[in-house]
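Thanks for coming. Please have a look at the sequence and the model first.

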Amino acid sequence: MACRLHYGRVSAHGAATAMLRTALLAFCLSAGVLVEGAQAWPMSQKASPTPHIDAALQSYALVERVKPSRIGAEDFRKVIRTRVQCYEQVTTPLERKKPCNISYVESIIHAARKNIKSVPDIGLFIRDVQYCPIVYNMCIGDMNSREYCIDFERRCVDRTLDKFWRGTPENVSHD
């Protein structure tokens with residue numbers, strides 16, 4: 001697409017002509033960016049309409065391959081059991097935020113600080129660890145075993161710790 005503008009003297013129309021030229025220049029520049037962007041992102045690769053669900057399914061598949069760590073295992077199990085009990089008592093998702101979800105993340109961080117001495121990437125850790133209860137719910141749907149799913153959620157916590165706290169690659173064997 002070629003856009004040519006004539007930048008001569010401002011005619012009697014003055015400001016209106018200048019504004020029209022500026023608008024045309026902006027349009028031509030934005031059209032060039034859109035054409036360039038369209039070549040970089042093929043039309044066949046559309047964004048998912050459910051990115052959070054896709055991420056949860058991918059996380060669930062990754063957690064299945066994680067071997068749980070024994071370091072802090074009982075502390076993390078206790079935190080998860082407390083969260084599960086809180087969810088049973090507070091059944092409305094919006095009401096769970098303060099008593100269940102925030103307390104869960106704070107307790108996971110406290111247990112991690114107690115058991116792991118490395119420096120975390122705390123912001124990314126918090127962002128990802130708060131999705132571990134979703135992994136628990138997916139596990140309950142598959143297995144219908146509370147204790148197994150508590151350990152499965154703990155493996156999700158371990159995966160997040162590996163990624164953002166321990167600094168180890170995912171899917172490692174733990175002692």
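Asp 162 lies in helix H7; helices here are DSSP runs of H or I with at least four residues, strands are runs of E with at least two, and both are numbered from the N terminus. What you see is a predicted model, in which local features need pLDDT of at least 70 and side-chain atom pairs count only at pLDDT 80 or more, while totals for chains, interfaces and linings use all residues. Residues are numbered from 1 along each chain as its sequence is written, and side-chain values use heavy atoms, with hydrogens and water left out.

Back to Asp 162. Is Asp 162 buried or exposed? Its relative accessible area is 1%, so Asp 162 is buried. Buried means under 20% relative accessible area, exposed means over 50%, and partly exposed is in between, with a 1.4 Å probe and protein chains only. The side chain of Asp 162 makes a polar contact with the side chain of Arg 166, at 2.7 Å. A polar contact is a pair of N or O atoms within 3.5 Å; within protein, one must be able to donate a hydrogen and the other to accept it, and residues adjacent in sequence count only if both atoms are side-chain atoms. Asp 162 and Pro 120 are 42 residues apart along the chain, with 9.8 Å between their C-alpha atoms.

Staying in helix H7, we come to Thr 160. Thr 160 has a relative accessible area of 2% and is therefore buried. Its side chain reaches the backbone oxygen of Cys 156 at 2.9 Å. Setting aside residues up to four places away in sequence, Thr 160 touches Phe 125, Asp 128, Val 129, Cys 132 and Trp 165. Contact means heavy atoms within 4.5 Å.

Now the rings. How many aromatic pairs does a search of the whole structure find? The search finds three. In the pair of Tyr 60 and Phe 152, the ring centres are 5.0 Å apart and the planes are at 50 degrees, so this pair is tilted. Rings of Phe, Tyr and Trp (its six-membered ring) pair if their centres lie within 6.5 Å; planes under 30 degrees apart count as stacked, over 60 as edge-to-face, and the rest as tilted. Tyr 60 is in helix H2, residues 51-64, and Phe 152 is in helix H7, residues 146-166, so the pair links distant parts of the chain, 92 residues apart. Tyr 60 counts as buried at 9% relative accessibility, and Phe 152 is buried at 2%.

Another pair is Phe 125 with Trp 165, which is edge-to-face, with 5.1 Å centre to centre and 85 degrees between the planes. Phe 125 lies in helix H5, residues 122-129, and Trp 165 in helix H7, so this pair ties together parts that are 40 residues apart in sequence. Both Phe 125 and Trp 165 are buried. Ring pairs also join Tyr 60, Tyr 148 and Phe 152 into a cluster.

Next is Arg 83, in helix H3. Arg 83 is a charged residue with a relative accessibility of 2%, so it counts as buried. Its charged end sits over the ring of Tyr 87, 4.6 Å from the ring centre. Arg 83 also lies over the face of Tyr 104, at 5.7 Å from that ring centre. A charge sits over a ring if NZ of Lys or CZ of Arg is within 6 Å of the ring centre and within 35 degrees of the ring normal. Val 157 is in contact with Phe 76, Tyr 104, Ile 108, Val 129 and Cys 132, leaving aside neighbours within four places in sequence.

Last, the whole chain. It comes to seven helices and zero strands. Of its 175 residues, 32% count as buried.
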